[in-house]
Amino acid sequence: MVKANGARSLQDLVDEKANLVEYFYNDTLAPHYRARTGLTAAFIPPEFTNWRDEQRAWRETAILFDQSHHMPELMLKGPDAFRLLEKLGINSLANFTIDRAKQFVACTPRGHVIGDCVVYRLAEEKFELISGMPVLNWVQFNAEQGGYDVTIERDDPTPYNPTGRRWFYRFQLEGPNAGLIFNAAVEGGAPEIAFFRTAKVKIGGCEVLVLRHGMAGHLGAELSGPYEDMEKVRAALLRAGEAHGLKQGGTKTYFSTIFEFGWMPYPLPGIYTGEELRDFRQWLSGNGWEANAQLGGSFVSDNIEDYYVTPWDLGYGHILKFDHDFIGREALEALPVEKRRQKVTLVWNRDDVAAIFASCLGDGPRYKAIDLPVAYYGWPQFDEVRGRDGMLVGHSCHCGYSNNEGEMLSLAMLDVQNATPGTEVTLTWGEPRGGSRKPHVERHEQFKVRAVVAPVPYASSVQKMKRAAIS
């Protein structure tokens with residue numbers, strides 16, 4: 001089907017490709033990957049000082065991240081806005097008051113994750129959804145096709161935004177000194193704000209919306225406001241942070257927070273198969289986000305459904321609530337416990353990591369290079385993880401280096417019986433047959449990396465923060 005404006009749809013792409021995995025594995029470059037590695041650097045440098053000290057700042061002092069440019073946003077307004085979100089989200093909205101934000105996760109009718117985002121309730125009938133392009137598209141599609149009395153506005157990431165600017169700036173203040181800096185920056189002092197609650201304050205003479213949450217193990221703050229106020233607010237925060245060791249964090253550092261924090265961003269949306277999703281695929285662009293998934297890693301299957309994930313795989317089992325009717329509920333309720341994989345951290349064997357680095361010297365063999373601090377090169381990435389008997393027990397996804405921990409870490413989805421901390425597994429690093437055609441993947445050989453299962457989040461500071469938030 002050709003869309004009404006003459007453009008190709010995602011369904012057209014699916015119909016054209018005999019092997020969709022082969023196409024995504026070799027011939028695409030994900031929009032978010034381009035933004036992370038190149039275009040966003042025009043607005044935020046990869047490093048303000050160096051990524052090692054910037055990582056240490058979120059553990060030892062404080063760091064300020066600029067999130068203004070890489071995350072898409074959707075504004076949902078109208079009498080049916082709440083009803084729409086409740087129909088699509090796996091998590092309960094029963095206590096979703098105006099002073100709250102929530103992690104919002106949506107699934108297909110078969111229970112596969114489409115994506116996740118953060119949603120603010122700005123007013124009784126007004127919601128702001130931040131990040132997660134596939135889930136924003138899913139919300140808009142259902143709003144338009146389902147007869148909901150709502151309006152939708154979109155604000156794309158800066159590199160793809162035709163206006164060249166955003167609605168809002170967005171900063172993240174993190175670290176053990178974040179509270180001191182926040183209190184010093186807020187005119188009249190900072191109010192008490194509970195975890196994942198919001199409040200309005202004044203910083204640098206500007207009204208700022210504050211969300212209390214943490215990315216790196218401390219009760220930090222996400223700060224947002226009109227884009228034209230960005231530099232005034234940034235300057236006020238940097239002044240307040242001078243006495244408390246505040247550093248600015250570049251993109252290299254920002255995208256490495258997940259290894260300690262444990263969030264698994266941007267899974268492959270489970271939308272490429274199933275007649276029940278044909279209308280959605282016909283609605284989606286054949287050149288858009290979902291059409292440019294960039295698979296990578298040692299795991300290769302001819303079946304695109306082998307890359308789909310459930311909420312349990314991503315660690316969202318605790319927010320999955322069967323107290324309301326939502327798309328995917330029946331399938332998720334029926335999924336056997338043994339098929340609910342568990343999110344874990346894998347700690348890579350240091351000798352094996354050293355061997356990979358050493359392979360760049362001499363005549364070879366050359367193993368897949370490890371870039372630091374972010375080592376994954378697929379979006380998403382799937383590396384094989386095998387147990388002691390050699391059987392496939394799961395997949396390693398986002399991987400990289402933590403200077404705070406002095407370890408190579410990866411976030412993985414493992415069968416429950418292999419997810420106990422201390423379990424020894426083997427990860428295959430590098431792609432088969434010398435590597436795919438992706439231009440950023442060099443010719444290389446694979447290497448078997450020994451790893452040990454550890455909790456997620458890995459950083460003890462994050463574990464303490466999350467326990468405190470739950471209690």
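Me: Is Cys399 buried or exposed, and what is its relative accessible area?

Reply: Burial is judged by relative accessible area, where buried means under 20%, exposed over 50% and partly exposed in between, with a 1.4 Å probe and protein chains only. Cys399 is buried, with a relative accessible area of 0%. This is a predicted model, in which local features need pLDDT of at least 70 and side-chain atom pairs count only at pLDDT 80 or more, while totals for chains, interfaces and linings use all residues. Residues are numbered from 1 along each chain as its sequence is written, and side-chain values use heavy atoms, with hydrogens and water left out.

Me: How many disulfides does the structure hold?

Reply: A disulfide is a pair of cysteine sulfur atoms within 2.5 Å, and the structure holds zero of them. For Cys117, which is in no disulfide, the nearest cysteine sulfur is that of Cys107, 13 Å away. The sulfur of Cys399 has its closest cysteine sulfur in Cys397, at 9.1 Å, which is too far for a bond. Cys117 is also buried, with a relative accessible area of 3%.

Me: Which residues touch the most other members of the largest nonpolar core?

Reply: A nonpolar core is a set of buried Ala, Val, Leu, Ile, Met, Phe, Trp, Tyr and Cys residues joined through side-chain atoms within 4.5 Å. Here the largest one has 106 residues, and Leu129, Tyr272, Leu346, Trp348 and Trp429 touch the most other members. Its largest share, seven residues, comes from helix H6 (residues 133–145). Because domain 1 (33–70 + 164–261) and domain 2 (337–469) both give residues to this core, it lies between them; the domain bounds come from an automatic or database domain assignment.

Me: What span should H6 have, and how far apart are its end C-alpha atoms?

Reply: Helices are DSSP runs of H or I, at least four residues long and numbered from the N terminus, and the expected span is 1.5 Å times one less than the number of residues. The 13 residues of H6 should span 18 Å, and its end C-alpha atoms are 18 Å apart, which agrees. H6 is mostly covered, with eleven of its 13 residues buried, including Trp138 and Phe141.

Me: What is the mean pLDDT of the chain?

Reply: pLDDT is the predictor's confidence in each residue, from 0 to 100. The chain has a mean of 92, and 93% of its residues reach 70 or more. Over residues 465–471, however, the pLDDT is below 50. Where pLDDT is low, the predicted coordinates should not be read in detail.

Note on methods
Helices (H or I, at least four residues) and strands (E, at least two) are DSSP runs, numbered from the N terminus. Contact means heavy atoms within 4.5 Å.
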